[in-house]
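Please read this briefing alongside the sequence and the model shown below.

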Amino acid sequence: MGGALSGIKILDFGQYIAGPFAAQLLAEQGADVIKVERPGGDPYRHVDGFMVWNRSKKAITLDLKKPEGLKIALDLAKQSDVIIENFKPGMMDKLGAGYEAVKTINPRIVYCSISGFGPRGSYSNIAGYDQLVSALGSVYTEQGFATHPLYLVLPLASLYSAAAAALDITAGLCVREQTGKGQKIDISMFRVILGTFRQFLVDFEGMFRAPWGPTGPMPLYRPYQCKDGKWLFTGLGNPKFFTLFALALGHDEWLTDPLFEGAPFLIFPPRNAQVMAMIKDIYLTKTRDEWIKMLRDNEIPVAPVQAVAEFMEEPQVIANDLVKTLKQPGVGMVKEMGIPIELMLTPGKIKGPAPLPGQHTKEILRTLGYRAAQIKELKKAGVVR
Amino acid sequence: MMPFENVRIADFTTMLAGAGICRELADLGADVVKIEPVDGDPWRMLAGGFMGVNRGKRCVVIDLRKEGACDIAYKLISTCTMLVENSRPGIMKKLRMDYDSVKQIKPDIIYISSPAFGSRGPEATRPGYDPVLQAWSGQMEGQGGIGQTPVFHKIQLNDEMGPLLGAFGASLALFHKLRTGQGQFAETSLLRSAVALQSGNFIKYKGMKRKDQGKPDIKGLSATNRMYQGIDGEWLYVYCAREEHWVAMCEVLGLQKLVGDPRFATAGARKKHDRELTAILTDSFLMTPAGAWALLLLVKGVPAARAQNLESLLKDQFCMDTGVYEFQQHPQNGRVQLQGIVPEFSETPGKVRRPAPMQGEHTDEVLLEIGYTREQIEDFKARKLVVQAVVPQKK
């Protein structure tokens, strides 16, 4: 059986990360995705991640600012089930391919706009760069030190927004399957990143907030350095694991020591610093691998701190089918992400590497009824590439 | 109508990632019934955290270890479209709640499983929490820098991706069921979340130049793409994505002379003299409050934003104006401010249906709904198969 979204057609005007990644997640669950690129190309074409976030798609290069280019886009929109775009709010309307325009020719369209801050309110005109969303969304301050914020390397707002869009578009398709009606779905990256703070972003009398810093405030749930300079993470995520840990270390007295009251999570300042200092010294007595073996033998959640390149080699990752090798044009054989959600009856599939710019322009125009001579004209006029 | 209005879910999850899958679905209208053990979801310890991931749900307590309790759960499941769980592989089988068992009761069930390490492979049955995966997958070292102090992300990276991927899988399975009537089994995991979040660098090819951008104390990627401090001690982010942004920023800062300075005239030159430029800009930004800089830069079209914290976000005017928050009356915690629904659907918006439930708050209600009589329910309680919470009177 094909993917869950087999037969669903998606027009992907996305660029950078959030839009393209959402479309790729949907493409590999069976949808047919056409990536519409502007003549300058997706600004992320030079980034390694581009190869992954644009797999399994066909590509057409189209100048939407030219009337003939817009006509082609609308002809494609007419045949599509889903549109994804992540321009600044209002941009697609200005070009003539916004939700209102598409709805009149295709009322069944599920139209998803991803933007930095959504279409309304005072932030809506701020460019939706991941860094700005993260700054206003408290990400860097909350991760930071008492004196200054810390920049995060992973573009989290974009990545989470892609997954959220894939989920919400599919929900929109479920609605349409029952009512026959399409709709507009707005995803604000700002709201999405706030969502990841949901457990802290709650305000009521008595809500406890601990300062975080780079390694967190919790002495039984944090990284520690070992004798050989290498790091590990001990995750005593419930009282049972704390008990196992104390017993494994031969510190049975911890179980009744008031210093550890509230273990594992509710050891607050100033006790947390005392416990941290004690455990820090203990970890310095053995190498990381010695500790990992010992803790794992005692069924305690623990892992070495390692690099993503090492993670890619882990038998566990490979056993779950999460490393795939694709031949990417111009790059060669590339090891990259498998499919992050696995459905047993309707399995997903990688349909091919990221397309070259305009790789399928001719083929797509032919399906719209354009003849070879017309396509040549369009190319000459700079409408398509 | 809400997107998942007619979908009832048997929610066997605890902690974050699994519970979050059902939270996402509840936000879009699903009727989620959390089936909690007698000793409780360990995440109840963290009141704020628990409320965030369990809002919108109802809760019944069934002690599945007791003889006869299984049938109560089966009867509930037979009224559900979907079951979600996130236990270690093998545990659901022990409880006779694994896919094969449940399929006997409800052949078209959609069964979503989200174990930490996935169901296959040598580490499948290991216990795992989000930061264990943060460490193992490269996320901590990627941020802290190779060989440096690793950074434990405050955003529970994989526990936050898991809900989105799991709910995506659930929606896909629902879509397929709407088209064909068939249910199925679907799996995600913290492991898969860690891969998806690193999809941009979970990459390997011959000749690849790995960008190791992480550092223990990093404020951005370059002088024109980083945070600066204002005179009030607050910080802002400025990102000159294009040449015109750079020129405009210099004007706003009164540093027009830098534009013609050969050290900074081109992007390449600025990169070469990054440290010098950072020092100059650091001094300049220190002359005015950060928020004022951000406004001045935005007016001139330069991408910039204040760095907020959670305290300021809770009072943020934009958030108030655009309905980011909801206010609820909670039986135990009083007036609670929390984030509302994230996606905005023009025709079928989601809704926070109710605050997070107390343990066993809806046991009577749900058991009556699925067809048990009051006498039967009292008998279950007497045999300690189920527990109904004592709900305090609302003030």
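**Interface of chain B and chain A**

In this predicted model, 142 residues of chain B are in contact with 139 residues of chain A, contact meaning heavy atoms within 4.5 Å. Residues are numbered from 1 along each chain as its sequence is written, and chains are lettered from A in the order in which they are written. Local features need pLDDT of at least 70, side-chain atom pairs count only at pLDDT 80 or more, totals for chains, interfaces and linings use all residues, and side-chain values use heavy atoms, with hydrogens and water left out.

*Buried area*

- About 12800 Å² is buried between chain B and chain A, with carbon and sulfur atoms giving 66% of that area; buried area is the accessible area (1.4 Å probe) that two parts lose on being put together, summed over both.
- Of the area that chain B buries against chain A, Trp136(B), Lys154(B) and Phe202(B) supply 7%, more than any other three residues.

*Charged pairs*

- The rule finds seven salt bridges across the interface of chain B and chain A, each a side-chain nitrogen of Lys or Arg within 4 Å of a carboxyl oxygen of Asp or Glu.
- Arg120(B) forms a salt bridge with Glu342(A), in which the closest N and O atoms are 3.1 Å apart.
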